[in-house]
Amino acid sequence: MKATLFTLAAAAGSAYAQQSAYGQCGGQGWTGATTCVSGYTCVAQNSYYSQCIPGTASTKATTTVKATSTPVSTKATTTPVTTSTPVTTKATSVATTVTSSTAPASSGKVSYAGVNIAGFDFGCGTDGTCTVSGAVNPGSNGIGQMDHFVKDDGLNTFRLPVGWQYLVNGNLGGTLDATNFANYDSLMQGCLNSGAALCILDIHNYARWNGAIIGQGGPTNAQFDSLWSQLATKYKNNVKVVFEIMNEPHDVNITEWAATVQSAVTAIRNAGATANKILLPGNDYASASQFISDGSAAALSTVTNLDGSTTNLIFDVHKYLDSDSSGTHASCTTNNVAAFDTLATYLRANKRQAFLTETGGGPTDSSCLTDVCQELDALNANSDVFLGWVGWAAGAFDTSYVLSETPTLSGSTYTDVPLVTQCIAGKFH
């Protein structure tokens, strides 16, 4: 089960120099600086990671700790660390062989691949509490990264996570905040102008608003529909924009959650966004390995467009490769091939498709360079039912983050981490 623990800890002194803006300043196993340069404060995002963000508070913010006995797909939202030497863009990729237990109908490659450009989701916990002040605009750096990933790496998809609270400035059921939405839209336009084929709009709230589940005692479906109706109206004329209903729902009644998803899909289509792809996430943090067994596949299969069809309604799944499937460790212990083979068989039999919108591992870890590449080989081998993958994560994440896919910029030259070069981009070519 998942447990959420909230703590408030005073910032402690350290013999180390103060951490720079947006750098890591705490977390499980962290031995570096725990105080920040002037104008920044150390804010705990979860048990594994704290980051220096703008502010002068003397205490650390709410920390979300996930304890689990069941594998789930979750990860730290903000900037964790691994000190590593990145590799130059377009380095030779490492080929790996995957033995698949499924007889795929396709042995080509997926249509889409890319990277999450995080930042507007910073400050969001797994209970759906998102502090508006915690959001960090990836800005020109994020846009520059997307330009690089497209032009230098041949990637074509970016996922742009954002907290619901940020978009409406904390006003549940309210209209899009003019300033905050303009900030987010600037990143979206940067994605669209980069040459990307898809730009995914992801509401990063774990099926919740401040601890309460949407349509299950918390915000009403109508309040959630209002958000999606407004967003769909903004982007209905650009089919490159993909609507991801929600990031990583968990501990929900799946039948009731499917009804919430249906209501949101109806709102999007009624707003005139009739041709955009919509991603449908299941329970258990959208876990690919549990998508069938936890009832998500069956429940979400009932969701339809206005005409009763399922055209452009894509199942949304996540899967990490560390020991507890949490996406919080640098090393990998599985390649997930069996899980994706099983899901591929289901998708093929039911004439549906899925999109892996979060996966990743330690950017230089040898086990992850092997396992992530093999995982993506499995998706390529089943490209008739898997649209693609999006690695976690770059954007406002510091290069020291444990799952960082943020490229290093020197002058006008970007250098990618090995995981991007060999797997995220390497397996797309």
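**Exercise 1.** What is the handedness of the disulfide of Cys 332 and Cys 368, and why?

*Solution.* The model is a predicted one.
Step 1: The sulfur atoms of Cys 332 and Cys 368 lie 2.1 Å apart, and the two residues form a disulfide.
Step 2: The torsion about their S-S bond is about 100 degrees, and the disulfide is therefore right-handed.
Step 3: Cys 332 belongs to the loop between strand 13 (313-318) and helix 8 (337-349), whereas Cys 368 belongs to helix 9 (residues 366-381); the pair therefore ties together parts that are 36 residues apart in sequence.
Step 4: Cys 332 and Cys 368 are both buried.

**Exercise 2.** Determine the handedness of the disulfide of Cys 124 and Cys 130, and decide whether Cys 124 is buried or exposed.

*Solution.* Step 1: A disulfide joins Cys 124 to Cys 130, with 2.1 Å between the sulfur atoms.
Step 1: Because the torsion about the S-S bond is about 115 degrees, this disulfide is right-handed.
Step 2: Buried means under 20% relative accessible area. Cys 124 has 6% relative accessibility and so counts as buried.
Step 3: The relative accessible area of Cys 130 is 7%, so Cys 130 is buried as well.

**Exercise 3.** Describe the link of Cys 191 and Cys 199 by its handedness, and state how many disulfides the structure holds.

*Solution.* Step 1: Cys 191 and Cys 199 form a disulfide in which the sulfur atoms are 2.1 Å apart.
Step 1: The angle about the S-S bond is -100 degrees, and the link is left-handed.
Step 2: Cys 191 and Cys 199 are buried.
Step 3: In total, the structure holds four disulfides.

**Exercise 4.** Which residues have the most contacts inside the largest nonpolar core, and which helix gives the most to this core?

*Solution.* Step 1: The largest nonpolar core comprises 89 residues, and those with the most contacts inside it are Ile 203, Trp 228, Ile 245 and Leu 280.
Step 1: Helix 5 (residues 254-270) gives the most to this core, contributing seven residues.
Step 2: When neighbours within four places in sequence are set aside, the residues in contact with Ile 203 include Val 162, Trp 164, Leu 167, Trp 228, Ile 245 and Met 246. Glu 244 and Asn 247 are also among the contacts of Ile 203.
Step 3: Another core, of eleven residues, lies apart from the largest one; Phe 122, Val 136, Tyr 320 and Trp 392 are among its members.
Step 4: As a general point, nonpolar side chains tend to be buried together in soluble globular proteins.

Terms used. Residues are numbered from 1 along each chain as its sequence is written. This is a predicted model: local features need pLDDT of at least 70, side-chain atom pairs count only at pLDDT 80 or more; totals for chains, interfaces and linings use all residues. Side-chain values use heavy atoms; hydrogens and water are left out. A disulfide is a pair of cysteine sulfur atoms within 2.5 Å. Buried means under 20% relative accessible area, exposed over 50%, partly exposed in between (1.4 Å probe, protein chains only). Helices (H or I, at least four residues) and strands (E, at least two) are DSSP runs, numbered from the N terminus. A nonpolar core is a set of buried Ala, Val, Leu, Ile, Met, Phe, Trp, Tyr and Cys residues joined through side-chain atoms within 4.5 Å. Contact means heavy atoms within 4.5 Å.
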